[in-house]
Amino acid sequence: MRTFRRKQQWNALLRIIIFDTTLRDGEQCPGAAMNLREKLEVARQLARLKVDVIEAGFPVISDGDFAAVHAIAKEIKGPVICALARCVPKDIDAASRAIKPAGKRGRIHVFVGTSRTHGETLKKSQGQVLHLAVEGVRRAKRYVTDVEFSAMDATRTDREFLVTVCKAAIAAGATTVNIPDTVGIALPEEMTELIIFLRNEIPEFRNGAVTLSVHCHNDLGLAVANSLAAIKAGATQIECTVNGIGERAGNAALEEVVMAVKTRRERFVGYGTNINTLEIVRSSQLVARLSGLVVQRSKAIVGGNAFAHASGIHQDGVLKMRSAFEIMKPKEVGWRGEKLPLTKHSGRAAVSVRLKYLGFKMTDADVNAIFNRFKEIGDKKKFVYDDDLVALVEGCVNEVPEIWALRHLQISSGTKQVPTAVVQLENGSGLVQDASTGDGPIDAVFKAIYRLTR
Ligand code: KIV
Ligand code: ZN
């Protein structure tokens, strides 16, 4: 068994670089087009998430990409702001102009295909590719000290040539060298071997003078596994995306890499990230909403079912002791509220907890009556939702104590208006009233109700 030395002489912190394809149009996923305002909103959230680097776009590609990178560089404080460029002068010059407002926090990321296949598509010999790499890094270095070089298709590049290119890029001034698995073909053990090989060949990777990074695509569903293998072998920068979105099958999902390192810390001794995990779910939901790329329910960490225990045995176990079926706390990644979806397999205890969560105070006899009706419904429906439970309560229990009563509701909404709601409620202590704005009229109503009732 390989043992991994605790890192001493090099930085033990993983740099998490987000190149969110919603921000970086150069490598797109279908459907993930966002306007400037939306990109800025995502960038603000990535800063709250405390990513180390935001690769904000590919400025030469379009005016829109340029404007987005420029605006992000101007407004976002905290993370390094990076712009992507081919090893081509006009790309690098555009990248430098776009990140200028970030000042010392600006990074230029230059790349060139180093495999034979990519050399053929570029119609370049290895010598010419080497020249492009060196010239690209040198030109970027004229503008910024922080330069990342990527050997695109590194996992299919001849090993000897890969070492030559990496060394040349470092000699030219690259401060980060990125090893992309561009086509997502690598297996975890191959990634481990490659990173160990590169560290053995290149002293700057061993002594921490240059950051060794990986960028894994998910064509075989291995992007996260490969990133973790690379970390264990000594990579200290992981390029990833929120929700794992990206070109084709996507890239390593930030939330999975971060939570694997955190949850299995005994296996990643000496490694950690700066990520504020409490912001993970919010980031995921924002990116999904603005990009239009819906997160599948069964997706790890951020999927709707990630912490939802559906089987009766699991629900029972979780209610007795969460660690019986949960390796992370939902709150740790920013989930709020109870996540147990009820099914016909759910037990009485789960139904009782859900009723309490919905605000019903019930006797054992009430719960029993509802549970019997619940079982009937569970046989007909896959999931029994909160609305179903509320309807059951209304049908089964004669006297549900009324906690709040709605006395007045006024909504203002229109194309040029900020949706606003005024809500008046009454409980045992008297009348209370509040107003709220929202994304829409319903949102405004619920925000006002929430403020009044908590
Ligand atoms: O997949 C890839 O090789 C890339 C590079 C531009 C880093 O996205
Ligand atoms: Zn990529």
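Helix axes are taken here as lines fitted to C-alpha atoms over the stretch in contact, with angles running from 0 to 180 degrees between N-to-C directions. In this predicted model, the axes of helix 1 (residues 36-49) and helix 11 (residues 280-291) come within 10 Å and cross at roughly 170 degrees. Because angles over 145 degrees count as roughly antiparallel, helix 1 and helix 11 are described as roughly antiparallel to each other, and helix 1 passes helix 11 in a left-handed crossing. On the side of helix 1, the contact is formed by Glu38, Glu41, Val42, Gln45 and Leu49, which meet Ile280, Arg282, Ser283, Leu286, Val287, Arg289 and Leu290 of helix 11. Sorted by class, this contact comprises six nonpolar, two polar and four charged residues.

The loop between helix 1 and strand 2 (53-57) contains lysine 50, whose phi is near 65 degrees, a positive value in a residue other than glycine. With a relative accessibility of 48%, lysine 50 counts as partly exposed. A positive phi, of about 60 degrees, is also found for lysine 123, again not a glycine, in the loop between helix 4 (116-122) and helix 5 (126-143); at 72% relative accessibility, lysine 123 counts as exposed.

Helix 9 (residues 223-233) is mostly covered, with ten of its eleven residues buried. Among the buried residues are Val224, Leu228 and Ile231, but also Asn226, Ser227 and Lys232. The buried residues of helix 9 pack against strand 6 (176-181), helix 7 (188-201), strand 7 (211-216), strand 8 (237-240) and helix 10 (254-263). Glycine 234, which follows helix 9, has a positive phi near 125 degrees.

An open sheet of three strands is arranged in the order 9-10-11, with antiparallel pairing. Strand 9 (405-412) and strand 11 (430-437) stand at the edges and have a single partner strand each, so that one side of each is left without a neighbour in the sheet. Direction ignored, neighbouring strands of this sheet are turned by 15 degrees against each other on average. Strand 9 and strand 10 (residues 420-427), which run antiparallel, are joined by seven bridges; in one of these pairings, alanine 405 has glutamate 426 of strand 10 as its bridge partner. Helix 16 (residues 441-453) lies across strand 9, strand 10 and strand 11, and runs at about 140 degrees to strand 11.

Key
Residues are numbered from 1 along each chain as its sequence is written. Chains are lettered from A and ligands numbered from 1 in the order in which they are written. This is a predicted model: local features need pLDDT of at least 70, side-chain atom pairs count only at pLDDT 80 or more; totals for chains, interfaces and linings use all residues. Side-chain values use heavy atoms; hydrogens and water are left out. Helices (H or I, at least four residues) and strands (E, at least two) are DSSP runs, numbered from the N terminus. Angles under 35 degrees count as roughly parallel, over 145 as roughly antiparallel, 65 to 115 as roughly perpendicular and the rest as oblique. A crossing is left-handed if the near helix is turned anticlockwise from the far one by less than a right angle, and right-handed if clockwise. Contact means heavy atoms within 4.5 Å. Ala, Val, Leu, Ile, Met, Phe, Trp, Tyr, Cys and Pro count as nonpolar, Asp, Glu, Lys and Arg as charged, and the others, Gly among them, as polar. Two strands pair if DSSP finds at least two bridges between them. Buried means under 20% relative accessible area, exposed over 50%, partly exposed in between (1.4 Å probe, protein chains only).
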